[in-house]
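Here are a few friendly notes to read alongside the model. Keep the structure open and look up each residue as you go.

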Amino acid sequence: MATTPPATVSHGDDVVFPPADLNQLLDLASFFDRHTGPGLLLGPDGERIPLPDEVYHVLRQVVDVMRQGKATLIAPQGLLLTTQEAADFLGVSRPHTG
């Protein structure tokens, strides 16, 4: 029986920083303040698809973090990091993670 190797994180495309202009995030945060339930995702071609509650909740959290000027990382549950990856992510030397 084959096992799947644990997932690892790289600092490449996984960490997302807020845009330089936070005004759009302020507009989104204001929208979320006025609307408590999920809505629709509107594609560039006009296609609409309902957002599941869970996706809407994560989107709200991401907007809130970015509105504060912080970067965000979404990682799958059960993500395993090497000690070096954990140190890099935390911005410390590897001996601090032991």
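1. Helices (H or I, at least four residues) are DSSP runs, numbered from the N terminus. This is a predicted model, where local features need pLDDT of at least 70 and side-chain atom pairs count only at pLDDT 80 or more, while totals for chains, interfaces and linings use all residues. Residues are numbered from 1 along each chain as its sequence is written, and side-chain values use heavy atoms, leaving out hydrogens and water.

2. Find Met 66 in helix α2. With a relative accessible area of 9%, Met 66 is buried (under 20% relative accessible area, with exposed meaning over 50% and partly exposed in between; 1.4 Å probe, protein chains only). Its contacts (heavy atoms within 4.5 Å), not counting residues up to four places away in sequence, include Phe 17, Leu 22 and Leu 25. Met 66 and Phe 17 are 49 residues apart in sequence, yet their C-alpha atoms are 7.2 Å apart in space.

3. Now try helix α1, residues 23-34. Which of its residues are buried? They are Leu 25, Ala 29 and Phe 32. Seen down the axis of α1, the buried residues fall within an arc of 60° (taken from the directions from the helix axis to the C-beta atoms), so they line one face of the helix. An α-helix has 3.6 residues a turn, so residues three or four places apart point the same way. The cover over the buried residues of α1 includes α2 (53-67).

4. Turn to the face of α1 away from its buried side: Gln 24, Asp 27 and Arg 34 are exposed there.

5. Finally, Leu 90 sits in helix α3 (residues 83-90) and counts as exposed at 59% relative accessibility.

Definitions and conventions:
Helices (H or I, at least four residues) and strands (E, at least two) are DSSP runs, numbered from the N terminus. The expected span of a helix is 1.5 Å times one less than its number of residues.
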